[in-house]
Amino acid sequence: MQVLWQQFDQLGTEMIVTKAGRRMFPTFQVGISGMDPSAEYVLLMDFIPVDDKRYRYAFHSSSWLVAGRADISAPGRMHFHPDSPGRGAQWMKQTVSFDALKLTNNLLDDNGHMILNSMHRYQPRFHVIYVDPAPNSHLHAQRNFCSFSFPETQFIAVTAYQNHRITQLKIASNPFAKGFRTTDAQDWGGGARSMVAWHQAEGRAEAQSEAAAEPTGWGSQTSAGREDKTCVLSEPSDLLHQKGSTAHRAERINEASGKGHSAVHQYLRPASCDPPPTAPGRAHRRTGQRRPPATPSGEERSRARRRRGIEGVNFVDMIDNLRGKSGQGYYVEMAVGSPPQKLNILVDTGSSNFAVGAASHPFLRRYYHRSLSHSYRDLGRSVYVPYTQGRWEGELGTDLVSVPHGPNATLRANIAAIIQSDRFFINGSNWEGILGLAYAEIARPDEMLEPFFDSLVRQTSIPDLFSLQLCGAGFTQNYSLGSATVGGSMIIGGVDPSLYVGELWYTPIRREWYYEVIIVRIEVNGQDLNMDCKEYNYDKSIVDSGTTNLRLPRKVFQAAVKAIEAASSTEQFPSGFWLGEQLVCWQAGTTPWPIFPVITLYLMSENRNQSFKISILPQQYLRPVEDVASAQEDCYKFAVSQSSTGTVMGAVIMEGFYVVFDRQRKRIGFAVSTCHVHDELRTASVEGPYHGVELEDCGYNIPQTDESTLMTIAYIMAGICALFMLPLCLMVCQWRFARCINPNGDFADDISLLK
């Protein structure tokens, strides 16, 4: 489909590559004519680098920039169509699709996938080889095979889509993305038209006629009722050799690997890709078919309206606005002050202060200069904030703040300028501050300090909710993005249906301080831990994007580790691994995921007598550690740890799900994320309902003692102290009286006895 490929090409086509291999979309499909119906042909594809450059995506300008010289490429491979060799009649009978072709970035791939380097630009090539049965065919092995390439099929290989418009176009165009689609495919414009390439016998290329610009269907007829012969020449040098013609040029296939190399030479025979004299041979390239757009239902229109946002909030601009590094948090770019100073700010749903580095620090590339902001106002107050790990001290003020890849709004917000810190900033994390998105009750120095999100809702028309899609577990390391190896989206003011699949299940926010929820049950490999549900929530259970691990109370942690260790007993792990002190490594691509169990958390639903479950895969709770891993090894850290402050559902849990913080309705929603990682056997899931009784009682209640009881206890303690003090006072008075009566009497004490 020429129009679709051209639409992608205008945006800068991106193709996902993964270790396991990912299929292309648009699919490379070919229609061929002019073959000898009784002859046999082999069809194959390969990919060649367009240049010797490596690229990076600039989000501020939405464009690709050269980042340096290209990485060393793996030996080239050929992808043979699985029906090769086949007779010409078979190939010409129907569209030939290369839908089984997969792209990978695994240099050790042994599945025959096409190995590409991420952040490099590639050109797909299509080859036709004639299988000549003549005994001396080897003498002309290089002469009669044909190569085609189409410039608009060039793409950049990526491990995650960089341009959100590419993401949306793929969702709108791919019939298998129906579950993600919120707008009609027709909104992207353009009809379907075949793109063809053919060459005259004398080696002369016909220019594209003006009529070719009109959209026509595959095998369409012109107004005169004749087949449209208009075509597009992609490479004038790759000529289709004509029978009896000496004016030909064939392109040698120099690079192949494995069995592909021998197979290519096996079929390099004197070929004749001759069209009949009255019909020049041509090869048609068709893209993946797009189903005719159906009339949108009321529900689809409603979802589309929700996706466009409320009162001008554009969710599309917020997609892919998070970056980060595995184990070091996710950050969003924010502009602070006037003129704006852009800083990367850690997104933290487990705190409520908005704070930025305001003094030089060895781990900060940049920091906030209050003196350069004309809009900064000093509040004359200091603030101290401790965390589970680290602390900082700063000075409070207010300034103008905006989120460039967020809602189109600027607000005046409270901001803490961090002057001193201890184990707070992380070397190489690439963030310079923290955005606390929890409630005012836990704000420092007191709850009278209005958090950022409260200020945003109060000063604008943005609804009181936001949602997070963290893609760390499904985001392959990408050195071309510098220190950023994970990504995601923070949708401010709404829910984006394109970021999740299935149904959203909501659990109520038990108390508005942290985002506290109630866990009613925990299973490992389908087996209940059989603990009092209050143990799971001792002394609270919260959803916290600023914490990396799944943290569990001591008793729950011990029971969970025992169950996980038993389920994965086919391999022996050092005890330090389960404590998060040691790593385990496997040869790249051989991690034994099936031996690790699924952890299932049951959360109380909005119906207090029902629950739903979220399934957490080992790809989530085994966190990849890139700093020590090599190209030959995959290393992991156990991302479940012990907690003394309750259960914390950290980033490794959220990475499997799209999480909606609906503050307006006091609830948190979970759905399966479109970027979650999974294997062939298991996938993350959100399912329900499951019935229970008085599930709300599973929440932990801190013992409360009223004031009158405390006063009674105080009076009793005071009375007891008085009873003990009275004899002592009487003895002292008696002694003083005796000294007064007989000042020179015979009086001895311990000191005199010692002397």
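Modeller: Gladly! A disulfide here is a pair of cysteine sulfur atoms within 2.5 Å. This is a predicted model, where local features need pLDDT of at least 70, side-chain atom pairs count only at pLDDT 80 or more, and totals for chains, interfaces and linings use all residues. Residues are numbered from 1 along each chain as its sequence is written, and side-chain values use heavy atoms, with hydrogens and water left out.

Biologist: Thanks! Which hand does the disulfide of C471 and C675 have?

Modeller: The sulfur atoms of C471 and C675 lie 2.1 Å apart, and the two form a disulfide. The torsion about their S-S bond is about -90°, so this disulfide is left-handed.

Biologist: How many residues apart in sequence are the parts that C471 and C675 tie together?

Modeller: Strands (E, at least two residues) and helices (H or I, at least four) are DSSP runs, numbered from the N terminus. C471 sits in the loop between β25 (466-470) and β26 (486-492), and C675 in the loop between β40 (667-673) and β41 (685-691). The pair therefore ties together parts whose separation in sequence is 204 residues.

Biologist: And C698, buried or exposed?

Modeller: C698 forms a disulfide with C533, sulfur to sulfur 2.1 Å. Buried means under 20% relative accessible area, exposed over 50%, and partly exposed in between (1.4 Å probe, protein chains only). At 5% relative accessibility, C698 counts as buried.

Biologist: In which helix is its partner C533?

Modeller: With -85° about the S-S bond, the link of C533 and C698 is left-handed. C698 is in the loop between β41 and α12 (707-741), 165 residues from C533, which belongs to helix α7 (residues 533-536).

Biologist: Which hand does the disulfide of C585 and C635 have?

Modeller: Here the S to S distance is 2.0 Å. C585 lies in strand β32 (residues 584-587) and C635 in strand β36 (residues 633-638), so the bond ties together parts 50 residues apart in sequence. C585 is partly exposed at 35% relative accessible area, whereas C635 is buried at 4%. The torsion about the S-S bond is about 110°, so this disulfide is right-handed.

Biologist: Lastly, what is the pairing of the bonded cysteines?

Modeller: By the distance rule, the count comes to 3 disulfides. Numbering the bonded cysteines of the protein chain in sequence order gives the pairing 1-5, 2-6, 3-4.
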